[in-house]
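Q: I have just opened a structure that is new to me. Could you walk me through reading it, one feature at a time?

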Amino acid sequence: QVQLVESGGGLVQAGGSLRLSCAASGRTASTYAMAWFRQAPGKGREFVARFTWSSGSTYYADSVKGRSTISRDNAKNTVYLQMNSLKPEDTAVYYCAAAREWRASIYEYDYWGQGTQVTVSS
């Protein structure tokens, strides 16, 4: 079992920046990849970014590519999402997710955090 706790959300003005954190605990050694998703009111959950532990590879959705960076702190078992040049359309609840093993789909994960609210004002 892996527990994920997000933090770092809040209210920010358009053009500003936020750094979201996802702290993992439990059987973290079994985590193959971690990802960030977001969900705006009335919309489905949207993929944002993914990090694979073994290769260190990263992958970003087109909507955030060039503005966001996913990174990790191995000692803290924490994955971060640095978001710059924030736009009102970035407003959503951001969720952290973890996968136990490789999967072809970037949408399938085994563990989810409770989410952290990001609100971008214009």
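**Reading the fold**

A: The chain holds 11 strands and zero helices, where strands (E, at least two residues) and helices (H or I, at least four) are DSSP runs numbered from the N terminus. This is a predicted model, in which local features need pLDDT of at least 70 and side-chain atom pairs count only at pLDDT 80 or more, while totals for chains, interfaces and linings use all residues. Residues are numbered from 1 along each chain as its sequence is written, and side-chain values use heavy atoms, with hydrogens and water left out.

Q: What share of the residues counts as buried?

A: Buried means under 20% relative accessible area, exposed over 50%, and partly exposed in between, using a 1.4 Å probe and protein chains only. Here 41% of the 122 residues are buried.

Q: Which residues touch the most other members of the largest nonpolar core?

A: In soluble globular proteins, nonpolar side chains tend to be buried together. A nonpolar core is a set of buried Ala, Val, Leu, Ile, Met, Phe, Trp, Tyr and Cys residues joined through side-chain atoms within 4.5 Å. The largest one has 33 residues, and L4, M34, W36, I70, L81, M83 and Y94 touch the most other members. Strand 9 gives the largest share, six residues.

Q: What does Y94 touch?

A: A contact means heavy atoms within 4.5 Å. Leaving aside residues up to four places away in sequence, the partners of Y94 include E6, L20, W36, L81, M83 and V118. Across the chain, 55% of the contacts with a separation of 6 or more join residues 24 or more positions apart.

Q: Where do N77 and S85 lie, and what is phi there?

A: Phi is a backbone angle to check residue by residue. N77 sits in the loop between strand 7 (68–73) and strand 8, and its phi is near 50°, a positive value in a residue other than glycine. S85 is in the loop between strand 8 and strand 9, with phi near 50° too. N77 is partly exposed because its relative accessibility is 30%, and S85 is partly exposed at 42%.
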